[in-house]
Amino acid sequence: MDNADIAKVFFELADLMEFHQVVDFKVRAFRSAAQIIENLPEPCTDMLREGTLAEVPRIGEGIVRRVAELCRTGTLAELEELRKRAPAGLAEILRIDGMGPRSTELVWHELGITTVDELEAAAKAQRLRGLPRFGAKKEEKLLAAIAAHRRASGRYKLTQAYPHAEALVRQLRKLPEVLRIEACGTIRRRRDTVGDIDLLVATRQEHAVAVAERFVHLPEVRDVVAHGETKCTVHLKDGIQVDLRIVPPESWGAALHYFTGSKEHNIAIRGLAVRRGLKINEYGIFGEDDQRLGGEEEREIFAAVGLPYIEPELRENRGEIEAAAEGRLPHLVEERDIRGDLHMHTNETDGQATLEAMVAEARRLGREYVAITDHSQALSMALGLDPTRLRAQGRQIDALNDKLGGRPHVLRGIEADILADGSVDLGPEVLRELDWVVASVHSMFGLPRAEQTRRIVRALESGVVDCLGHPTGRLIGQREPYAVDLEAVLDAARRVGAAVELNAFPDRLDLWDVHLRMAQQMGVPVVISTDSHAPFHMLHMRYGVWTARRGWLEPKDVANTLPLRELRARFAHHHRQLAHA
Ligand code: DGT
Ligand code: CA
Ligand code: CA
Ligand code: ZN
């Protein structure tokens with residue numbers, strides 16, 4: 001633990017004590033200790049070991065004892081005790097700039113606010129300004145502080161970090177000294193969120209210094225945390241941290257494997273190597289007497305332990321090593337396998353572009369088919385379509401199909417609302433006129449798990465739904481998934497022959513890896529859709545495909561890799577059922 005970590009613990013201890021109104025002088029003592037520790041010229045842990053910590057003015061025996069406990073156990077028993085007495089979210093609220101113990105207690109007792117998300121919602125809704133010592137100014141400041149807090153503590157959405165990684169790689173690749181370059185870590189594994197960006201460069205030893213120099217001076221860089229010959233760390237202007245490693249070309253493959261991770265995957269691979277009397281690390285593959293056996297290419301790492309190449313998206317030690325050993329690695333879906341996009345909105349509801357503009361973009365992207373799935377009547381906030389407007393849109397779609405000659409073929413669809421009781425908000429007499437029915441939950445996210453499950457299962461069992469939209473409702477970093485028994489939902493989808501959506505919209509990416517694998521194993525088709533609200537959103541398909549790959553999906557598991565005729569045949573039973581309803 002460094003001084004800043006230790007100081008943070010004492011600050012939190014003081015805050016929570018004040019919050020719980022534990023004797024005032026203790027609170028002050030801990031806060032002042034925190035400040036002193038933060039500014040110590042040497043590591044606090046060294047001073048503890050050498051016995052010099054006790055000599056620092058205003059660091060009493062009680063503080064020294066606690067630092068020792070902290071170094072030994074990583075926390076303080078009394079802090080854990082205090083944390084237990086307040087709702088967990090309050091400790092995080094206390095860390096927001098401007099939210100001291102008194103303000104936190106006030107919003108908790110007066111407005112029932114116990115999480116940063118609730119605090120943010122209240123500030124946005126201008127519900128804080130009625131409280132003593134809160135005003136419009138303070139609300140505004142809090143919103144900025146919350147945003148800053150998220151940037152500092154949080155992970156970034158892949159979709160936010162990836163374009164930065166791409167831009168950095170593009171610029172560095174232009175340098176003649178850079179022989180090879182790749183973004184590693186969670187960026188390369190395409191995880192939905194990213195802690196930091198890891199860049200790996202291969203260059204000749206004598207050029208390392210020059211490459212590091214160019215890197216820290218890139219225009220995106222805000223500040224430099226560390227600047228060495230083989231390792232640099234910087235923050236970009238929007239706060240994201242970037243680690244750069246520079247290796248000689250003969251270590252490229254080993255370093256690429258190492259820095260791609262995951263850590264768990266790496267540990268498992270190294271374990272296999274040890275059993276074969278080999279050592280694998282970020283520099284290469286080594287035999288007895290540390291004799292170098294390879295490591296220039298990533299494939300050599302897998303080959304050294306008798307495995308075929310494993311795609312980065314699978315490297316989570318969730319069975320990929322066993323699958324590789326048994327020759328049953330999946331042939332992962334790729335973006336070029338995708339033939340159609342089955343969820344998008346127009347400006348008839350909450351989209352930003354006309355039907356024609358949306359379809360023109362789909363045509364430009366070479367989609368063979370698209371479904372227009374605007375919101376339906378229950379979602380009045382989004383100007384949802386009633387049967388009359390839906391039919392009018394249907395006629396426009398027919399005309400467009402005539403005009404474009406089926407390139408792409410435009411399907412009449414809807415994103416119907418699943419109502420509180422699990423019914424779908426449009427009747428069969430309307431749905432039967434459509435080619436593609438998505439149904440989604442847009443309300444009552446807080447239902448108890450059993451009820452939420454029953455509600456969604458009921459909607460599927462109505463037999464009119466082709467695809468369940470964004471099945472968990474999560475918004476990354478903003479809204480947790482609603483409580484639902486996903487296995488029961490998938491089982492219902494399988495029974496009625498419905499698909500489940502992988503929504504590629506950057507905030508959603510829902511379903512994700514573990515769910516997708518569950519769907520695959522249960523034989524439920526997945527549809528990867530962009531849920532586009534503007535033409536450029538259709539480019540998000542790649543994020544959906546990446547997420548599908550993390551879920552081990554192959555083209556056969558993804559219904560929108562099918563040609564239109566087969567897609568229709570696959571879901572025809574719903575439409576036959578509707579015709580007779
Ligand atoms: P992140 O940044 O939190 O999104 O996650 P990663 O996976 O990008 O992790 P990061 O940036 O800490 O490190 C990049 C890779 O380096 C990681 O995926 C595996 C490797 N690595 C880091 N630390 C260790 C370690 O202690 N042991 C092993 N075996 N590998 C490590
Ligand atoms: Ca990383
Ligand atoms: Ca890193
Ligand atoms: Zn929706």
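## The seven-stranded sheet

Let's start with an open sheet of seven strands, ordered β11-β12-β13-β14-β15-β16-β17 and paired in parallel. At its edges stand β11 (340-341) and β17 (526-529), each with a single partner strand, so one side of each has no neighbour in the sheet. Keep in mind that what you are looking at is a predicted model.

Further in, strand β12 (residues 369-372) runs parallel to β13, and four bridges join the two. One spot to look for is I372, whose bridge partner in β13 is R412. Lying across β12 and β13 is helix α18 (residues 387-404), which runs at about 160 degrees to β13.

## The zinc site

Now for the metal. The zinc ion (ligand 4) has three residues listed as its protein donors: E415 through OE, H442 through NE2 and H470 through NE2. Along the sequence, the donor residues follow the spacing E-x26-H-x27-H. E415 and H470 link distant parts of the chain, as they are 55 residues apart. E415 belongs to strand β13 (residues 409-417), while H470 is in the loop between β15 (467-468) and α21 (486-496).

Are these two residues buried or exposed? E415 is buried, with a relative accessible area of 1%. H470 counts as buried too, at 1% relative accessibility.

Next, have a look at strand β4 (residues 197-202), where six of the six residues are buried. Both of its faces are covered. On one side sit I197, L199 and V201, on the other D198, L200 and A202, and all of them are buried.

Which strands pair with β4? Strand β2 (residues 180-183) pairs with β4 in the antiparallel sense, over four bridges. There, R180 stands opposite A202 of β4. Strand β7 (residues 241-247) pairs with β4 in the parallel sense, over six bridges. In that pairing, L199 has L244 of β7 as its bridge partner.

## The cysteines

How many disulfides does the model have? The count comes to zero. Take C184, which is in no disulfide: the nearest cysteine sulfur, that of C232, is 15 Å away, whereas a disulfide would need the two sulfur atoms within 2.5 Å.

C184 counts as buried, at 1% relative accessibility. C467 is another buried cysteine, with a relative accessible area of 1%.

Methods:
Residues numbered from 1 in each chain as written. Chains lettered and ligands numbered in written order. Predicted model: local features only at pLDDT ≥ 70, side-chain atom pairs only at ≥ 80, totals over all residues. Heavy atoms only, no water. Buried < 20%, exposed > 50% of the residue type's maximum accessible area, 1.4 Å probe, protein only. Donors = N, O, S within 2.8 Å, 3.2 Å for Na, K, Ca; no water. Pairing = 2+ DSSP bridges. Contact = heavy atoms within 4.5 Å. Axes fitted to C-alpha atoms, helices over the stretch in contact; angles between N-to-C directions.
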